[in-house]
Amino acid sequence: MRALVVVGLLAVVALVFVVVAIVKDSQSGAGANGGCPEGWPLADVALRERKDVKLNVINGTDRPGLAGEVADEFRNRQFQVKKVTDQKKQVDRVAVLRFGPKGVGSAHLLLAYFLGNADTKFEVERQDDTVDVVLGSDFQQLATTTEVNQSLGDLGSPTAPPGTCPMPVGK
C-alpha cells in the first residue's frame with residue numbers, strides 16, 4: 001500500500017513539473033521565424049520536387065559539350081534547365097552550386113545528385129530561385145535515383161545558411 005502512495009505522489013509531482021514547464025516556456029516564439037533578426041533574408045528551405053527545380057548548367061572544364069550533355073540528363077529527370085553555357089574560369093572540383101535565399105531547398109536536392117561532393121556557394125543578394133550548376137574537372141556523372149535517395153538521407157534536411165532565417169511554411 002505504501003508503494004502505491006509513493007508512486008501516486010511521484011506521478012502527481014511529475015505532472016506538476018510538466019504543466020509548469022509548458023506554461024513557463026520561453027521558447028514559444030522560436031522556430032519558423034520567431035527568433036529572426038530584423039532585416040535578415042528568409043531562406044526557402046523546403047525540399048523541392050525535381051519538376052519545380054530551375055537550374056542553369058555551366059561548363060567549368062575544358063571538355064567541350066559537357067554542359068549540354070549534363071543539361072540533357074537533368075531534363076530527362078524532369079528538372080527545368082534554363083541556360084546551358086560555358087565559363088572561362090576552370091573549376092578544379094566535382095561541381096559548384098551557386099544559389100540565393102529562394103534556391104536553398106533546390107540546391108540541397110541538386111547536391112544529392114553529386115552525392116554531397118559539390119561545393120555550395122550561397123549568394124545572399126541573389127533574388128531568383130534558380131541554381132547555377134558549374135561543372136568541374138572532377139565531374140564524372142550524375143548519381144542514380146537510388147544513390148540520390150541515399151544521399152538525401154545522409155545529407156538530412158535543408159538548413160538556412162548563416163545570416164538567414166528559415167522561411168515560414170506556406171510563403
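Colleague: How many aromatic pairs does a search of the whole structure find?

Modeller: Bear in mind this is a predicted model, where local features need pLDDT of at least 70, side-chain atom pairs count only at pLDDT 80 or more, and totals for chains, interfaces and linings use all residues. Residues are numbered from 1 along each chain as its sequence is written, and side-chain values use heavy atoms, leaving out hydrogens and water. Rings of Phe, Tyr and Trp (its six-membered ring) pair if their centres lie within 6.5 Å, with planes under 30 degrees apart counted as stacked, over 60 as edge-to-face and the rest as tilted. On that rule, the search of the whole structure turns up five.

Colleague: Which residues do ring pairs link into a cluster with F74?

Modeller: F74 pairs edge-to-face with F79, at 5.2 Å centre to centre and 80° between the planes. F74 counts as buried because its relative accessibility is 0% (buried is under 20% relative accessible area, exposed over 50%, partly exposed in between, with a 1.4 Å probe and protein chains only). F79, at 5%, is buried too. The ring pairs tie F74 to F79 and Y113.

Colleague: How many of the residues of α3 are buried?

Modeller: The buried ones include V104, H108 and Y113. Just after the helix, L115 takes a positive phi of about 55°. For α3 itself, which is mostly covered, the buried count is 10 of 10.

Colleague: What is the distance between the closest N and O atoms of R75 and D72?

Modeller: The two sit in helix α2, three residues apart, about one turn of the helix. R75 is partly exposed because its relative accessible area is 40%, and D72 is partly exposed at 41%. They form a salt bridge (a side-chain nitrogen of Lys or Arg within 4 Å of a carboxyl oxygen of Asp or Glu). The closest N and O atoms are 3.0 Å apart.

Colleague: Are D132 and R126 buried or exposed?

Modeller: Their side chains meet in a salt bridge at 3.1 Å, N to O. As for cover, D132 and R126 are both buried.

Key
Helix = DSSP H or I, 4+ residues; strand = E, 2+ residues; numbered from the N terminus.
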